[in-house]
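I'm keeping a notebook while I look around a structure. Here is what I looked up, in the order I went through it.

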Amino acid sequence: MTLDEILKSLFPTGHNVTVSQDGLITGTALRKTGGPIAVIGVANGVALGTAGVLPLAEAVLQVVAAGGTTPILVLVDTQGQLMARRDEMLGLNEYLAHLAKCLLLASQEGHRTIGLEYGKAAAGAFLATALATDMLIGLPGATPTVMDLPSVSRVTKLPVKTLEELAKTTSVFAPGLEHMEQMGAVAITWDPAKPLDAQLEEALAAASPKDMRDQLGAERKGRTMAAMVAKRVIAEATGTPA
Amino acid sequence: MDHAHSSWLQATARQRIAGLLDANSFQEFIGPAARVQSPHLHLFDLPSAFDDGVIVGRGSLDGTPVLLAAQEGQFMGGTFGEVSGAKIVGILRAARDHTDLPRVVLLLLDSGGVRLQEANAGELAVAEVMRAVTEARRAGVAVIALVGGRAGAFGGAGLTAATCSRIVVSEQGRISVSGPEVIETNKGVEEFDSRDKALVWSVSGGKNRRLIGGADAFTADAMDGFRAATKAVLAHVPKFDLATLQAEQARLAERQTRLGGCEDAISMWTILGIDHPEAISAMDNDAFIALANGIKGASHDAR
């Protein structure tokens, strides 16, 4: 789905969401229930750099400062963080972490945050946006990835053919929505044939500030150890049997 | 060997823990004998480590009880995998939920970021660590990042560092997102010449991070240096709340405005008011610390 189609299906009565020339999404809309929702995001697959983070984080902080429980929708189509010497020199790690922290604070303050990945999402920009929300949703056609298989091949020195074969049996490193769903990163993939506004309401009702992704990954058999290992550390730290 | 003055950079994760904490105070959780290791590496014909490259436990620093997670940069580049990441998540959640546990978590970061062989699990582990850091901070826990290892803190580790309450760094402790080699590969050598070590250090090295406010304390590359700097930052730790993040927004926006047009670090340092910016790289640690402490914006509560 295109961003326009998504916004139309999410907010059939209209919205004030705009996309800047730099591909930054900001604005507000009315939910099916009539309540407000804030919208931020990255469009057109652009890369997120220091300058791009600031208006998005500012929008989130304004929602928190206003109080109430207005939810926040984060729309994501980004190729990743901007790769530039200048941005790294300026401390891009702080900027990306800042955006993630603003979303996490919003969650802690009672604003449900929903990520909707409809295009690309990769690496540091993925962490700063979609993966910093309470619940991440995918739309068919979305291509979440940490690194594409040819690049993984370069680093791991394994042939792409071998990696493609491995990808069929293990979700742990293969790019793609279904793998991210199995790992617990993506909670659910929406059906684009049905109205998205109703699906958004279902998501908002189900979202919680508690991080359940490792549990989900265990239930779906994508990550069999993460939740167990974290629990075992807690048990040993507190001196209680796991 | 004088252990207190020995190099943090050259040390293993276990040696760093021994050099940082009070003698014999460290107690490890799920240690190597438990053989909790990566279930994925064998698929790539890679050897596993019985601690998966992360050591977690508790101890004390000059009498202050602490929880700790240390990445071993020499195993798979200190990367976040399913198990190594979950160990860090566990220590943070333990601190968050149990007020009788130490109210300080030290993260000894030494990591190139996500482990590519476990890419999805590693990326998720970083996301879970970042969330757990903020939840622990909100619960009143001070989470301190210590960066001075060979792998630095790149990718997800760079983001994790900046999520913490405070960052202690040495000159050798590079903090960034994309590494110079990755930028060079993707954007060309004109964008970033990864073989120009002076350039690399001026961009992501500890001195630049400290000068622009990207790290809160600078230390010599030594065990006692990290020990003293960590103890010092614990005296005052910012809360995780709206006021802090609004202050961080203002701080990062101002940096973008003031320094965003600079092509190199020397230009940034000149704008920061440093008289002889070209002398920074050769400056000794004490002189540098004194200089950095006097730079407006280098020391702040906005993190």
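This is a predicted model: local features need pLDDT of at least 70, side-chain atom pairs count only at pLDDT 80 or more; totals for chains, interfaces and linings use all residues.

**Entry 1**

I then began with chain A and counted eleven helices and nine strands in it. Its radius of gyration is 18 Å, and the globule rule also gives 18 Å for 242 residues, so chain A is as compact as a globular protein of that length. I looked up the box as well: along the principal axes, the C-alpha atoms of chain A fill roughly 50 × 45 × 40 Å. Of its 242 residues, 60% count as buried. For contacts in chain A with a separation of 6 or more, 66% come from residues 24 or more positions apart.

A compact globule of 303 residues would have a radius of gyration near 19 Å, and chain B agrees, with 19 Å. The C-alpha trace of chain B spans about 55 × 45 × 45 Å along its principal axes. Buried residues come to 62% of the 303 in chain B. When I took the chain B contacts between residues at least 6 apart in sequence, 72% of them joined residues at least 24 apart.

**Entry 1: helix pairs inside chain A**

I reminded myself that two packed helices are described by the angle between their axes and the distance between the axes. So I wrote down both for each pair.

How do H2(A) and H4(A) run relative to each other, parallel or antiparallel? The axes of helix H2 (residues 50–65) and H4(A) come within 9 Å and cross at roughly 20 degrees. Angles under 35 degrees count as roughly parallel, and therefore H2(A) and H4(A) are roughly parallel to each other. Their crossing is left-handed. I listed who meets whom: the H2(A) side includes Val53(A), Leu54(A), Ala57(A) and Leu61(A), and the H4(A) side includes Tyr95(A), Leu99(A), Cys102(A) and Leu103(A). Sorted by class, the contact of H2(A) with H4(A) has 15 nonpolar, two polar and no charged residues.

I then checked helix H1 (residues 3–10) against helix H9 (residues 196–206), both of chain A; their axes come within 6 Å and cross at roughly 70 degrees. That makes H1(A) roughly perpendicular to H9(A). Ile6(A), Ser9(A) and Leu10(A) of H1(A) make the contact with Leu196(A), Asp197(A) and Leu200(A) of H9(A). I sorted the residues of this contact into four nonpolar, one polar and one charged.

The axes of helix H4 (residues 92–108) of chain A and helix H9 (residues 242–259) of chain B come within 11 Å and cross at roughly 155 degrees. H4(A) and H9(B) are therefore roughly antiparallel to each other. H4(A) passes H9(B) in a left-handed crossing. Among the residues that meet are Glu94(A), His98(A) and Lys101(A) in H4(A), and Glu248(B), Arg251(B) and Arg255(B) in H9(B). I got six nonpolar, three polar and five charged residues for the contact of H4(A) with H9(B).

Is Ser111(B) buried or exposed? I placed Ser111(B) in the loop between strand E4 (104–109) and helix H3 (119–138) of chain B. Its relative accessibility is 0%, so Ser111(B) counts as buried. Apart from neighbours within four places in sequence, its contacts include Gln71(B), Phe80(B), Ala151(B) and Phe154(B). I also checked Ile175(B): it is 64 residues from Ser111(B) in sequence, and their C-alpha atoms are 9.8 Å apart in space.

Last, I looked at phi. Most residues other than glycine have a negative phi. I picked out two that go the other way. Arg35(B) has a positive phi, near 55 degrees, and Asp52(B) has one of about 50 degrees. Arg35(B) is in the loop between strand E1 (27–29) and strand E2 (54–61) of chain B, and Asp52(B) is also found in the loop between E1 and E2.

Terms used
Residues are numbered from 1 along each chain as its sequence is written. Chains are lettered from A and ligands numbered from 1 in the order in which they are written. Side-chain values use heavy atoms; hydrogens and water are left out. Axes are lines fitted to C-alpha atoms, for helices over the stretch in contact, and angles run from 0 to 180 degrees between N-to-C directions. Helices (H or I, at least four residues) and strands (E, at least two) are DSSP runs, numbered from the N terminus. Angles under 35 degrees count as roughly parallel, over 145 as roughly antiparallel, 65 to 115 as roughly perpendicular and the rest as oblique. A crossing is left-handed if the near helix is turned anticlockwise from the far one by less than a right angle, and right-handed if clockwise. Contact means heavy atoms within 4.5 Å. Ala, Val, Leu, Ile, Met, Phe, Trp, Tyr, Cys and Pro count as nonpolar, Asp, Glu, Lys and Arg as charged, and the others, Gly among them, as polar. The radius of gyration is taken over C-alpha atoms; the globule rule is 2.2 Å times the number of residues to the power 0.38. Buried means under 20% relative accessible area, exposed over 50%, partly exposed in between (1.4 Å probe, protein chains only).
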